[in-house]
Amino acid sequence: MSALTQSTPAAASTEAAPEKGLRPPSYWPFVVPALVVVLAIIIFPWVFTIWMSLNEWKVGSPTTFVGLSNYLRLTSDPRFIEAIGHTMVYTALSVLLPLVLGTFAAVVFHQRFAGRGFLRGVFIMPMMATPVAIALVWTMMFHPQLGVLNYLLSLVGIPAQLWVFHPATVIPSLVLVETWQWTPLVMLIVLGGLAAIPTEPYESAQIDGANFWQVFRFITLPLIMPFLFIAGMIRMIDAVKSFDIIFAITQGGPGSASETINIYLYSVAFTYYDLGYGSAIAVVFFLLIVLLAAVMLYARQRMLWTEIASGA
């Protein structure tokens with residue numbers, strides 16, 4: 001009787017084990033839709049792009065496997081090398097100017113004065129407009145004869161400029177549009193950082209007799225540096241892949257004076273229909289963005305450890 005009693009739980013556990021092993025995990029119905037979306041929208045397009053970059057594929061012609069020939073062709077392509085230079089200059093200016101002007105605007109709007117909320121709303125309005133609409137408005141403003149910018153310059157005795165119609169001024173003119181649109185974003189990010197700073201350091205500095213510049217240099221700027229870094233990374237990624245404003249205003253012209261990597265990629269793939277070479281440009285462009293983001297993250301990490309070491 002005792003042996004039968006002891007064997008019964010063992011038999012029951014043996015019978016329950018296969019049933020438990022056959023039971024599917026309860027979380028799979030929630031995971032599978034997300035995996036399908038990731039595979040369909042992210043992974044498959046990139047795998048297909050890499051495959052296309054290894055082939056010579058022009059619309060209307062058969063596909064021919066060429067290996068790394070498209071990538072080797074990039075090293076001897078003067079337009080691609082020129083596009084890299086234009087992209088770097090455009091990105092550097094489109095990051096630096098909004099950071100400086102946005103920080104200045106954030107410091108101004110952080111002060112208490114009448115109508116501050118209304119002026120903040122007016123200041124962020126350019127960020128809400130669509131890029132193509134902005135491009136059309138600025139194209140009219142850049143017109144050498146009928147544009148309002150040259151009219152304003154004439155009021156102060158400055159001769160008319162060609163703006164986007166001259167190779168020497170086209171990139172600074174496009175950066176002006178980019179700065180006008182995205183300085184409010186930097187202002188909002190820095191403004192959030194200023195609101196998070198405690199008042200005690202400012203009260204101590206006021207007791208010590210520090211002036212406005214000393215307070216900003218030694219208190220405000222170090223404390224908002226993480227927010228400036230976030231704003232700089234967002235602006236860097238957005239500026240390096242900027243397409244709509246440049247294409248709508250200049251389409252890479254005059255000539256190829258404002259042709260960035262994105263514009264050149266579009267021209268190769270959808271004007272000359274060289275999909276294989278365009279895919280190689282897309283892969284290299286993606287790696288360039290990843291490299292720039294990694295450099296900024298590394299710089300931020302070094303800055304963090306430097307702050308910790310100095311604090312210790």
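**Helix packing and local backbone features of a predicted model**

W163 lies in the loop between α8 (148-155) and α9, where helices (H or I, at least four residues) and strands (E, at least two) are DSSP runs numbered from the N terminus. The structure is a predicted model, in which local features need pLDDT of at least 70 and side-chain atom pairs count only at pLDDT 80 or more, whereas totals for chains, interfaces and linings use all residues. Residues are numbered from 1 along each chain as its sequence is written, and side-chain values use heavy atoms, with hydrogens and water left out.

The phi angle of W163 is near 55°, a positive value in a residue other than glycine. Most residues other than glycine have a negative phi, and most peptide bonds are trans. W163 counts as buried because its relative accessibility is 16%; buried means under 20% relative accessible area, exposed over 50%, and partly exposed in between (1.4 Å probe, protein chains only). A positive phi of about 55° is also found at Y273, which is not a glycine. Y273 is placed in the loop between α13 and α14 (275-311), and with a relative accessible area of 44% it is partly exposed. A cis peptide bond, with omega near -5°, leads from G253 to P254. P254 belongs to the loop between α12 (244-249) and α13 (261-270).

The protein as a whole contains 14 helices and two strands. Of its 312 residues, 34% count as buried. Contacts (heavy atoms within 4.5 Å) were also considered by sequence separation: among those between residues at least 6 apart in sequence, 66% join residues at least 24 apart.

Two packed helices are described by the angle between their axes and the distance between the axes. Here, axes are lines fitted to C-alpha atoms, for helices over the stretch in contact, and angles run from 0 to 180 degrees between N-to-C directions. The axes of helix α4 (residues 78-110) and helix α9 (residues 170-196) come within 6 Å and cross at roughly 40°. The two helices α4 and α9 are therefore oblique to each other; angles under 35 degrees count as roughly parallel, over 145 as roughly antiparallel, 65 to 115 as roughly perpendicular and the rest as oblique. The contact of α4 with α9 comprises 21 nonpolar residues, seven polar and one charged. In this classification, Ala, Val, Leu, Ile, Met, Phe, Trp, Tyr, Cys and Pro count as nonpolar, Asp, Glu, Lys and Arg as charged, and the others, Gly among them, as polar.

Helix α4 also packs against helix α5 (residues 116-123), at an angle of about 160° and with the axes 10 Å apart. This angle makes α4 roughly antiparallel to α5. On the α4 side, A105, F109 and H110 meet R116, L119, R120 and F123 of α5. The residues of this contact are four nonpolar, one polar and two charged.

The UniProt record (unreviewed entry) places the feature "transmembrane region" at several spans, including residues 88-109 and 218-237; its positions are given in the numbering used here, feature names are shortened, and annotations may be inferred rather than shown by experiment. Residues 88-109 are 100% helix and 0% strand, with end C-alpha atoms 31 Å apart. Residues 218-237 are likewise 100% helix and 0% strand, and their end C-alpha atoms lie 29 Å apart.

T220 is found in helix α11 (residues 212-240). T220 is buried, with a relative accessible area of 6%. Residues up to four places away in sequence not being counted, T220 touches L194, I197, Y202 and V215.
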